[in-house]
Amino acid sequence: MANKWDERKRAIEDEYCVKKERELIGKLKAKGEKDAKQAIREVCYMHCPKCGEPLKERSFQKILIDQCTGCSGIWLDAGELEAVAGKEEGGWLGRLWQKIG
C-alpha cells in the first residue's frame with residue numbers, strides 16, 4: 001500500500017515540476033521576444049525602409065516629415081498624409097484624398 005502512495009506522491013511532484021518548467025519556459029520565451037523586438041526597434045528606428053540610410057526630420061507646410069539622407073525618399077508617420085492633404089484642399093493631393101476618404 002505504501003508503494004502506491006509513494007508513486008502517487010512522485011506523480012504529483014512530477015506534475016508540479018512540469019507545470020513550473022512550462023511557466024518558466026513561457027516567461028523566458030516572452031522575455032526573448034520582447035528583447036528581440038526592442039533590438040529590432042533600436043536598429044530600424046529613423047532608418048529608411050527602402051535603402052537603410054538614416055532619416056532626418058524636415059518641415060513641410062509646418063508638418064514634420066521624415067526624409068531619407070540616401071535616396072531622398074519621403075516617409076510619413078500616422079496622420080501626416082491627412083494633414084498634408086488637408087492643407088492642399090485645392091491641389092491634386094487634397095482632391096485625391098477627398099475621393100479616397
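## Exercises on a predicted chain

At 47% relative accessibility, Cys-44 counts as partly exposed, because that class lies between buried (under 20% relative accessible area) and exposed (over 50%), with a 1.4 Å probe and protein chains only. The model is predicted: local features need pLDDT of at least 70, side-chain atom pairs count only at pLDDT 80 or more, and totals for chains, interfaces and linings use all residues. Residues are numbered from 1 along each chain as its sequence is written, and side-chain values use heavy atoms, without hydrogens and water.

**Exercise 1.** Find the place of Cys-44.

*Solution.*
- Step one: look at the helices. Cys-44 belongs to helix α1, residues 2-44. Helices are DSSP runs of H or I with at least four residues, strands are runs of E with at least two, and both are numbered from the N terminus.
- Step two: find Pro-54. Cys-44 and Pro-54 are 10 residues apart in sequence. Their C-alpha atoms are 9.1 Å apart in space.

**Exercise 2.** List the elements of the chain from the N terminus on.

*Solution.*
- Step one: count. The chain has 3 helices and 3 strands.
- Step two: order them. The elements run α-β-β-β-α-α.

**Exercise 3.** Describe the sheet and name the strands at its edges.

*Solution.*
- Step one: give the order. The open sheet has 3 strands, β1-β2-β3, with antiparallel pairing. Two strands pair if DSSP finds at least two bridges between them.
- Step two: find the edges. β1 (55-60) and β3 (74-75) each have a single partner strand, so one side of each has no neighbour in the sheet.
- Step three: check a pair. β1 and β2 (residues 63-68) are joined by 6 bridges. Phe-60 has Ile-63 in β2 as its bridge partner.

**Exercise 4.** Which residues make up the largest nonpolar core?

*Solution.*
- Step one: know the term. A nonpolar core is a set of buried Ala, Val, Leu, Ile, Met, Phe, Trp, Tyr and Cys residues joined through side-chain atoms within 4.5 Å.
- Step two: name the 5 residues. They are Ile-63, Ile-65, Val-84, Ala-85 and Leu-93. β2 and α2 each supply at least two residues of this core.
- Step three: follow Val-84. Leaving out residues up to four places away in sequence, Val-84 touches Phe-60, Gln-61, Ile-63 and Leu-93. Contact means heavy atoms within 4.5 Å.

**Exercise 5.** Is Leu-81 buried or partly exposed?

*Solution.*
- Step one: locate Leu-81. It sits in helix α2, residues 80-87.
- Step two: read the value. Leu-81 has a relative accessible area of 30%, so it is partly exposed.
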